[in-house]
Amino acid sequence: MDEVSREEERLINALKTGTVLNSSDSILPEVITSTLPDRDVPDYGSVVDHRAQLAGLSSGAGSSHSASGGGIYNPQSGPVGAMVTAASAGNGGGPIVAATNGTPTLNGNGTTNGTGNGTTNHGSGDTPSVKHWNGVPMKPNHIPILNIHQIREQEKLSMNFTRNVATTRLPKDFGRTSVDDEKKLNMQPKTIPSPIRPFLSRGSVAERVLIFEKCPEKAPPRERVKEPVKLQSKPVNRLIPPNIHATLQRHLKNSTKAPYIPQFHFPNGKPPPTITTETTMQRLEQVFDKMPNYECTRDSFQVIVQMCQVPQYWRLPLFMCTQLTPNGAVDGDKFLHFWRQMTSFCHDAASRFVYIMSRGDRTRPYILPEDFAPLIQDVVDTHPGLAFLKEAAEFHSRYVHTVIARIFYNVNRSWTGKITTAELRKSNLLDVIQLLEEEEDINQIMAYFSYEHFYVIYCKFWELDRDHDLYIDQQDLARHNDHALSSRMIERIFSGCVTRSPRRGNNNPMIQGPNGPKMSYTDFVWFLLAEEDKSHPTAIEYWFRCMDVDGDGVLSMYELEYFYEEQQHRMESLGIETLPFEDCLCQMLDMIKPATPGCVTLADLKRCKMTPIFYDTFFNLEKYMEHEQRDPFAQRENDDLSDWDRYAAQEYELLVAEEGGDTQGKNSDDSDDSDSEKISLRISWRERYLRKRRNKKKRR
């Protein structure tokens, strides 16, 4: 038989018998049995009549078998009775196998005697014969190891082990080893596992055969399935908002490190390139080098302003930012230090303007009213449109205070008396200041600096101020516009709800007179602007504060009725048919359409485009009648102008016409006081000046 046939036979015998046939006699084989109690062990000797075999053995060689303690078949032994075992013979412990029907038996030396009497020959045969195992020809090295007693003991152990495993309750932490248990296991010596291994039922035939061929002396320990190694990255501390875009949220979760988000909020403006600041510093140094003693006077400071690339009318506030020398000049070193510090902290026009107006005080990031005085005074002194005003120095302070009041009325939306950088960015103040150096006619700049607007405001105040102390009381204000306002509203104005004097942050108390509290000129500017243009956001807030008597932020029906009662009495006294309050209230609510039924809020009034009609209905009788008599389909002139600009233009024309007629008329009133004469002369002189400018433009 060739090598391939022998190898196939060897593999088949290994699978059938559970034993491994080694090629050499020096290596002892191992018998691998199953530890499962219910596993059927194949009966390799089913073709042999065991009872006849035992009977033949007892009749032929009973004495020798009894002496040697040979294996006897026992039908009561359970699964062991179905297995073929070998017993050690008394003459050397060789296995004895009985056979019938002329099958030769093995003697102690592993040879057969060839007889059919069922007895064995304990002597050595002279001629070699073929060995058999249950009728199958055996190879020379096929030597069984275990006897019947050893097999029974192993089977008992297997059955006990299976019974114990089936009835044992496992603890909750079974399979989990703590740190202390691992230390104890490492300290204990390793024991050799049991050589008994379960019969492998998985894998291909070749794999199982290779395992049987190896036959390790020590059963390999069962290794737990290793879990895949998890790569733990360094934890990243980042917060992902729940309401962000799904794509951005996915990128943030999948990233292994914190994403780099560039800065997008710059409170003081986005920083310019460093080379821009250094270039400006070099230019300033070159300019100061050319000046004597490294100092710059006020007359030559215009060159410094141009090098700094700021508007022209920032000149005087910038000149006063540093401490002046005894000669009244700016020291170059101090100014360069101030400019470098400002450019490192402030990067846009609004933040730099606030920094310059506060004179470099970083603890005060806002502008106070008195900070504007140098800037506006510089406009009065140098602007060509105000050249005529140089001769009337007594009007300089009035013009300056009027412009400051108008600036805070439009810019200071928080009512704090302090203009912050955010409020300055939202306004057009810096653009108007930039426009001053481009426009020669100051009246074309109607925002803040218009002289005509100042003239109208001051003339209105001068008419009401009878004692000319620059303060008016309730009786004086009641004469405004022929007693158009109700007395209850005038009381609310002087109660301090809208006047600037008693407000927070102002230490100046309200001036008290014989007729009660008095209103300053600055407060009158706010009043007149709010009265003539009730669609302005500040005007809406102004009158809402006055009508909100209890200060709860809501105009209730009781408060509206409180102001409308006086309107009814005044209309009845004039013989005008009145409208009941219930009907008037229904009209107002339909017009305003408040979000909350039964009360009107500030947001409702700002949202409505007919807010002036709402206010005039409750406290201004003259304008209320105008609204009632006006054609709703009539188009208004100069729709591009605001209500205040339209009112100022009309009033200025009336004032000029009245004063011009008085000066040109032959029969003038000699009873006018000196102040009225001065105003008339001033208006006439103003009119002559405007005519000259018009003629110059025509010539050009």
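Is Ile 433 buried or exposed? With a relative accessibility of 1%, Ile 433 counts as buried, where buried means under 20% relative accessible area, exposed over 50% and partly exposed in between (1.4 Å probe, protein chains only). The model shown is predicted: local features need pLDDT of at least 70 and side-chain atom pairs count only at pLDDT 80 or more, whereas totals for chains, interfaces and linings use all residues. Residues are numbered from 1 along each chain as its sequence is written, and side-chain values use heavy atoms, with hydrogens and water left out.

**Figure 1. Overview of the chain.** The secondary structure comprises 27 helices and 14 strands; helices (H or I, at least four residues) and strands (E, at least two) are DSSP runs, numbered from the N terminus. Of the 700 residues in the chain, 39% are buried. Contact means heavy atoms within 4.5 Å. Among contacts between residues at least 6 apart in sequence, 59% join residues at least 24 apart.

**Figure 2. Surroundings of Ile 433.** Ile 433 belongs to helix α15 (residues 429–436). Apart from neighbours within four places in sequence, Ile 433 is in contact with Tyr 313, Trp 314, Phe 353, Leu 375 and Phe 449. Tyr 313 is 120 residues away from Ile 433 in sequence, yet their C-alpha atoms are 6.9 Å apart in space.

Figure 3. Helix α11 (residues 349–357) is largely enclosed by the rest of the structure, because eight of its nine residues are buried. The buried residues are Ala 350, Ser 351, Arg 352, Phe 353, Val 354, Tyr 355, Ile 356 and Met 357. Their cover includes α9 (315–319), α10 (332–345), β7 (366–367), α12 (373–382), α14 (421–426) and α15. Just after α11, Arg 359 adopts a positive phi of about 60°.

**Figure 4. Thr 322 in a loop.** Thr 322 is located in the loop between α9 and β6 (330–331). This residue, Thr 322, is buried, at a relative accessible area of 10%. Not counting residues up to four places away in sequence, Thr 322 touches Val 330, Lys 334, Phe 335 and Phe 338.

**Figure 5. Packing of helices α13 and α19.** Helix α13 (residues 396–411) packs against helix α19 (residues 521–532) at an angle of about 50°, with the axes 9 Å apart. Axes are lines fitted to C-alpha atoms, for helices over the stretch in contact, and angles run from 0 to 180 degrees between N-to-C directions. The angle makes α13 oblique to α19; angles under 35 degrees count as roughly parallel, over 145 as roughly antiparallel, 65 to 115 as roughly perpendicular and the rest as oblique. Arg 398, His 401, Thr 402, Ala 405, Arg 406, Phe 408 and Tyr 409 in α13 meet Tyr 521, Thr 522, Val 525, Trp 526, Leu 529 and Ala 530 in α19. The residues of this contact comprise eight nonpolar, three polar and two charged (Ala, Val, Leu, Ile, Met, Phe, Trp, Tyr, Cys and Pro count as nonpolar, Asp, Glu, Lys and Arg as charged, and the others, Gly among them, as polar).

**Figure 6. Packing of helices α22 and α24.** The axes of helix α22 (residues 581–592) and helix α24 (residues 611–619) come within 10 Å and cross at roughly 160°. The two helices, α22 and α24, are therefore roughly antiparallel to each other. Cys 584, Met 588, Met 591 and Ile 592 of α22 make the contact with Ile 613, Phe 614, Thr 617 and Phe 618 of α24. The contact residues divide into seven nonpolar, one polar and no charged.
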